[in-house]
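Student: I would like to learn how to read this structure. Please take me through it in short steps.

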Amino acid sequence: MPNALGNLIRKEAKDMLRDPKILLSMILMPLLMFPIMGAAISLSTSTVKEATRSVAMAIMKIDEGTISNQLVSSFKALNISLIEVKPSPIEEAIQNLRQTNITTLIIIPKGFTENITSGLKGELRIYSILRSISLSEGAKASVVNVPISIYERTLVRQAIAQAFPDRDPENVLDPIDVKNFVIFKGKLLNVSPQLLQGIFMSQSFGFPMVIMLLLISAMQIAATSISIEKEEKTLETLLTLPIGRISILAGKLAGSTIVAAAGAAASLIGINFYVASIFSFMPSTSIDLAEVGLHLSPLAYLLLGLTMFVAIISALALAICIAVYSENVREAQSLVSPLSLLVMLPSMILMFADIEALPVSLQTVLYLIPYTHVVLASKAAFMENYAVMLRSISYITMFTILILYVAARIFMTEKVVTARFSWRRKR
Amino acid sequence: MEKAIEVINLHKYFGKVKALNGLSFTVDPGEIYGLIGPNGAGKTTALRILATLIRPTSGSARIFGLDVEREANKVRRIIGYLPEEAGAYRNLSGTEYLEFIASFYFRNKREIKDAVYEAEEISGLGERLRDKIKTYSKGMIRRLLVARTLMIKPKLAILDEPTSGIDIIHAYHIRRVIKNYAKDYKVTVLLSSHNMFEVEFLCTRIAFINKGRILVEGSPEEIKTRYGARDLEEAFMEVARSA
């Protein structure tokens, strides 16, 4: 009956998506967890920023020279809350400051101005009072360095102006002006390699991460879909319905794909919020990804989609083959968990390294793992290296056919009913 | 006349364990045939082979002339199987579950609706069919499963402990439904049960089975007379002693 497969897929998706455990762990958790994590990081970052903005400092000016006075003025010009304290022994000064909210004490010792004007180094003593172990306390302690380096640069500029009255001090300080050009995908780009490296980093982390999430959740869903039939004792009834065993397998694969896709979409939305939250404080780059060639062509999209499709089918079939040997969902999850390594290992390694740069033995191991080729295909997609993509698709497809054949064999025999995994050693 | 069930010299091994040891019996169309015997006698194994779930190691089994191994797909179209330990999809409502099962047997919505209506009558679950199955008691699930087995009006209903877990009132109702179905729709029934009263009430013929083979076969009356027993329980004990 042609509608039978449709009925089976609808049932699979409905039954799993209504399961509170699956709904919570696969869809609601990533949808809520990532934004909450992002919001928490964003909140702590803004707390740090706020803390550094409201930092109050004290200055003890033992030296009364002009440079000491200029230093104090430069602090005030930067709107830094600065309280001048009378010279006193350091222990007494710190004791007094601990009663207040002041976190930094700057001491300008005697001879500061004289040393600098005579070409020696002027000494500043800075005492930071840390009231707790936190990022914001550390940040408060380092705030003082900013006005000091600004004033230091002013002093250097003044010295240069005196020594070379006909030169621009900025040119003396930075005599070389570097202009960056990058040739990428045969195109000349007027951007710095550092900027491109940042974008490459986000791509090389992003795609393997998404692939990892998608494949691992697909495996867990497929394992659940078959083991729940065993746990709830519905499998025997299903297998005696007038529908081919291959259709039952296809229904399970398609139903799991729908649920895994919903889970992956939830993860992506969640991660998007997470990334948006944690990078909200960073200055945005005005670089146009399409302009620098970091976009996917329609053919690359198509091939990448095909790669993901066959990879997901193989992951689902692989998980089903193994979960058949379980008697309940928990056992299935345990049996399938080691499979995650096949996905995590290439994803994690290729996040940081190019496969060609790895030792040959590791390269061989990685090339044998089918899920390596998904990551390779995703990288090749940006380089429009279609030959690599086609090679990856061929390898994953061959692996998928093999696994589907094994899954079909299991479903065609009584193993699907009788198979049990025994932890006990055979005697 | 074509037999509803024809089992010839069936053997089944699970590793070194011999579950069936030359089991043979036949059932005529419209009969209610009962397999009784102690735990591990091979009753469920025999039913699972006939339901196309597992394959015999040797021997043959045919249902209305169809070989359960070679023509399994055709066999599945004419049977309804109720396993001893069975569940239903917890996150579907009773009605959704019945519609799901019916959709494999009927082509149009009218037929599916009629089958679901039939199942409502058999189960007696009424409005509760709209609730999710996870809210059902064990007995309610069993009633739902009996209903889904019979609503499709199979040529052969294979029922493993049909009233297990059902209270007295509903078990009474289910037994009557099975009996009437067999009569009204000429459904052949093969059942296994530990409930001797149930077997005596329902079955036209029974077989005592132990260690994978039949020890005694006949109508309940014949068997009781043969062993001079007041009821089947006594006869069963007698057979077990002399085996």
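Student: Which residues is B:Ile158 in contact with, leaving aside neighbours within four places in sequence?

Tutor: Two residues are in contact if their C-beta atoms, placed from the backbone, lie within 7 Å. For B:Ile158, the partners are B:Leu47, B:Leu50, B:Ala51, B:Ile79, B:Tyr81, B:Leu82 and B:Leu190. Remember that this is a predicted model: local features need pLDDT of at least 70, side-chain atom pairs need 80 or more, and totals for chains, interfaces and linings use all residues. Residues are numbered from 1 along each chain as its sequence is written, while chains are lettered from A and ligands numbered from 1 in the order written.

Student: How do I read two packed helices?

Tutor: Two packed helices are described by the angle between their axes and the distance between the axes. Helices here are DSSP runs (H or I, at least four residues), numbered from the N terminus. Axes are lines fitted to C-alpha atoms over the stretch in contact, with angles from 0 to 180 degrees between N-to-C directions. In chain A, the axes of helix 16 (residues 372-383) and helix 17 (residues 386-412) come within 8 Å and cross at roughly 160 degrees. Therefore helix 16 of chain A is roughly antiparallel (over 145 degrees) to helix 17 of chain A.

Student: Which residues of helix 16 of chain A make the contact?

Tutor: They are A:His373, A:Val374, A:Leu376, A:Ala377, A:Ala380 and A:Ala381. Helix 17 of chain A brings residues including A:Val388 and A:Tyr395.

Student: How many residues does each chain give to the contact between chains A and B?

Tutor: Chain B gives 23 residues, and chain A gives 23 residues.

Notes
Helix = DSSP H or I, 4+ residues; strand = E, 2+ residues; numbered from the N terminus. Parallel < 35°, antiparallel > 145°, perpendicular 65-115°, else oblique.
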